[in-house]
Amino acid sequence: MAHIKLKPSKEHIIKFNPNELDKIKYPPESLEYAKSYVESNRLAEHDEMDIMLLFPDRILFGFDYLDDKVKRVVVELNPVTIFFSNAVMCSGQLKYYKDLLLSQAPDVKAIGKGGEPVNLSHAGMYFQLAINCIINLQAALESFANRVIPDDYKFVGSDGKELASTVTLKLYNSIPAIKGRKFRPSKYRRYNSQIDNLIKLRNHIIHLKPNGLTNTGYKGVYRDLLNFDYYKAIESVRVFINFYEENLIEECPCGNDFSFIVGQDK
Ligand SMILES: [Zn+2]
């Protein structure tokens, strides 16, 4: 899969030529403020200002950052695209590391008959990427929901009682109510069930406690992490997000595939 385009947090398409702005006569107090801003260490929001970056066809938002003594401007990215891109980049080498882990994991019949010992780093390489992929996919969904749902939104059930704001409630109740469309018709059923599996697995990873004296409660989750279909989950999250915000998740047309590589001990 080609890498994901990272998008700005907010953009406005403009219908004028920014060069025209050079012809405007700015009020003296604006020029004075601009001079004092540039020469001081003060960040813009200290003066309740925002930073907008003007491009030939659009305006993007950014922020200023004091890098030692130099005030620099950085563009603000949409975190949904960062999380989603992280998940895609974690998935790139998953098949390779899964094959490595399983091909080197001892056959129970061979145990005690010499051969390679169990390799902790093979397990580490696969499970780090697998867990990163799941956590980031869920984060993409949850941060998308939080961008859509206003701060003062009340989560209430059909009986009018206030509900805890779970990610499932946000995705399947609040977003459809706010956007006026439901991601529930039958053609999306398989995506819904992949998203449900993703959320369940993510919750198992985070909430799991080691239990029992002689063994742990982790084995089911680790087996699930080996069986999980990461590529279908990525596709489902992409379809869900783009259903509510067209083309937010896009592959880059350059077609390059970037993957996180974890260090490899033998
Ligand atoms: Zn590219």
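**Helices H4 and H5**

Mentor: H4 and helix H5 (residues 167-179) pack at an angle of about 40 degrees, with their axes 10 Å apart; axes are lines fitted to C-alpha atoms over the stretch in contact, and angles run from 0 to 180 degrees between N-to-C directions. This is a predicted model, in which local features need pLDDT of at least 70 and side-chain atom pairs count only at pLDDT 80 or more, whereas totals for chains, interfaces and linings use all residues. Residues are numbered from 1 along each chain as its sequence is written.

Trainee: What makes the crossing of H4 and H5 left-handed?

Mentor: A crossing is left-handed if the near helix is turned anticlockwise from the far one by less than a right angle, and right-handed if clockwise; the crossing of H4 and H5 is assigned to the left-handed class.

Trainee: Which residues of H4 meet H5?

Mentor: Gln138, Leu141, Glu142, Ala145 and Val148 in H4 do so, and their partners in H5 include Lys170 and Leu171, where contact requires C-beta atoms, placed from the backbone, within 7 Å.

Trainee: Why is Glu142 called partly exposed?

Mentor: A residue is buried if 20 or more other C-beta atoms lie within 10 Å of its own, exposed if 12 or fewer, and partly exposed in between; Glu142 has 18 within 10 Å, so Glu142 is partly exposed.

Trainee: How far apart are Glu142 and Lys170 in sequence and in space?

Mentor: Glu142 and Lys170 are 28 residues apart in sequence and 8.0 Å apart in space, C-alpha to C-alpha. Glu142 itself lies in helix H4 (residues 120-148), helices being DSSP runs (H or I, at least four residues) numbered from the N terminus.

How values were computed
Helix = DSSP H or I, 4+ residues; strand = E, 2+ residues; numbered from the N terminus. Contact = placed C-beta atoms within 7 Å.
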